[in-house]
Every structure is written in structure tokens, then in C-alpha cells.
Amino acid sequence: MCDHCLKHGTAGKWYLNARNYTTEVLDDINIDEDFLKEFLLEQYKTFESMQVRKLAGFSAVGLGYKIKIPIIGRITKYFAEKMLHSEKSKFNPFQAEGHIGQVVPLDDAIAILENCVDENTIIMKYCMCRFQTRAEKEACCINFGIMSDIIDKLPRFIPEPEDSKYRLTKEEAIEKFTEFNQKGYIGTIWYGAYPYINNLCACKTPECAGFGPRLNFGIKSIFMAEYLVENNPDNCQGCKRCITMCQFGAINFNEDTKRSEIDHSKCYGCGVCVYACRFDALSIIDRQVIPTLAGKY
Ligand code: SF4
Ligand code: SF4
Ligand code: SF4
């Protein structure tokens, strides 16, 4: 259980607490709804330039090089994480302050949609990370709450009718998210901004701006899931389908046993491989059952 779960969780998980999806939770850090609306509007108006903005005073340009410089690298990483994990009540819309997420497998994403989200506010919008990096418009970000109030002022995020319906029912959102999972997209849930939750994303690497800092520079911009995956070698047929689906290189093929093997240290617990396996050889387990990885997100 992480600090966020201890402070904001229910059933051991911060993202399964329905209160975190209501504006009531804003009282905890003394911000009002109008301020959050303004903040999100300003942030999304200029979202495309986010990756070249400063990370807590350090330009994000050439970040990989800076991170390698002794001491400077450690300082940069420290301030970048401090900014992303910020719990302060005044956010700067020109930085990704208080914007932290966690990987969620399909079952938890369904639980979020079923139990925590206000159905009247569910929308589907274009993924800006894919647009920024590949100029590709794909409707796969599910938003709710305040985002639903401000999206009309951000028309370029609204999908064309041929790409997706814009306002979704719970059933439609669950159906869409299940489709994304089958495509191999990683489910992620985000504070936006802390402690208010408004984004359920279906991400891809390397496009995702949330995974980039973590995978490229070791900055904790997103947490691994509460879960890991384990392999049942008796069922494994060695088809390698799971290996092609894993976006983190966490599954290896053992040439001696002709079976796949999970490298738990690399596994983000997204569960994509579980649904990809046709032989029931993979299952999701609680991260806490592996002592060396318990509490390590
Ligand atoms: S976090 Fe994921 S789904 Fe959301 S905008 Fe980025 S890549 Fe797209
Ligand atoms: S998809 Fe299933 S059967 Fe195929 S290699 Fe992976 S675990 Fe084994
Ligand atoms: S091995 Fe882990 S990270 Fe890779 S697809 Fe499976 S659950 Fe996701």
C-alpha cells in the first residue's frame, strides 16, 4: 500500500475510493472547484507543449543527458518527482503538478467505472500523447467529473463521430475499455490534479508522456499496479503471444523449457498478457505476495 492509498484509499486502493471522484475531496487541500476548472482548462489549452516545459525549474530538453550528470542528475530527478507528486493546493498549469497515476488492470478499471464514476459525466476524448508524438488521433482517454464540464471549450479533444461516441454510458465505457485492453493498451488511472481523479487512460509506450519519464529516466511519474502476473508452466504452450503483447519487456522465453517466464522486477501488473493468453496460463496476483516487491511501485 502506497502513501496515497493510506491517505485516500478504500479497500486498500486510492483509486477505488468514490469520494476521490467528487469535488468534496477538493476540500482536503483547500481548493475550490472553479480554480480546478481554470487550471485544467489552461493546462489542456497548451497541452502539446507540456513535454518541452520546465520540470520544476529544469528545462525538460536534453533531460536524459542532464540526468546522467552526477549530482545535477539526482537533483533534477528529485525536483521532477516532487512536482509530479505535489500535494499543494495551488498548481501551476504550465507544469504537470499533482498529476500522478497508477497502472490498473481491466478488473479494477471496470470497478472504477461501475462504482466510483458519475455516469452523467463520462466522456471519451482523443489521446494527446499519441497526437503529440505521432500526429495520430485516437479516442481512448476516458474522462469524467470536471473534465466533462470544460471539454466543450477544448473542441480539438472531442472525437469525430466516425472515431467514437463522445458521451458514454457506463456500459459503453466498460465495453470500450475492454476493447483497449484486448488491443494491448495499458490501463492507467490519474489524479488530475491531486487529490481529484478524472482520467482513465489506455496508454501505449513510447508515446505516453506519463510512462516516458519513468521508462527513460527512472522518474516515478507513474506507479506500477497493485498486482503482478504469474505463469503456470503446466498450461503454457510456448506460443509467445504474451511476449508480443507486453510493452515492458517483462516476459522472456525459456529456450530449454519452451515456456514463457515473467520477470517480476519489470512487470507493471497491467494484466494485458493475461487476457492475451489463450491457454489460461497467466494469472494476476497481489504484488504484496512477493516479499521483495511488496510495497515497491
Ligand atoms: S496518459 Fe495514456 S491515454 Fe492518456 S493521453 Fe497519455 S498515452 Fe493517451
Ligand atoms: S500466451 Fe500463454 S501459452 Fe502462450 S507463451 Fe504466453 S503464457 Fe504461454
Ligand atoms: S508481464 Fe506484467 S507488464 Fe507485461 S503485460 Fe503482463 S502484466 Fe503487463
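Which elements each supply at least two residues of the shell around ligand 1? They are α6 (128–134), β5 (139–143) and β7 (197–203); helices (H or I, at least four residues) and strands (E, at least two) are DSSP runs, numbered from the N terminus. This is a predicted model, in which local features need pLDDT of at least 70, side-chain atom pairs count only at pLDDT 80 or more, and totals for chains, interfaces and linings use all residues. Residues are numbered from 1 along each chain as its sequence is written, while chains are lettered from A and ligands numbered from 1 in the order in which they are written.

**Ligand 1**
- Around ligand 1 are 14 residues, of which Cys-127, Cys-129, Cys-201, Cys-203 and Cys-208 come nearest; a residue is near a molecule if its C-beta atom, placed from the backbone, lies within 6 Å of it.

**Domains**
- The protein chain is assigned domain 1 (3–223) and domain 2 (227–289), with bounds from an automatic or database domain assignment.
- The centres of the two domains, taken over C-alpha atoms, are 27 Å apart.
- Nine residues of domain 1 are in contact with 10 residues of domain 2 (C-beta atoms, placed from the backbone, within 7 Å).
- On the domain 1 side that touches domain 2, α8 (170–183) and β6 (186–191) are the elements giving two or more residues.

**Contacts of Cys-273**
- Not counting residues up to four places away in sequence, Cys-273 touches Val-229, Cys-242, Met-245, Cys-246, Ile-251 and Leu-282.

How values were computed: Two residues are in contact if their C-beta atoms, placed from the backbone, lie within 7 Å.
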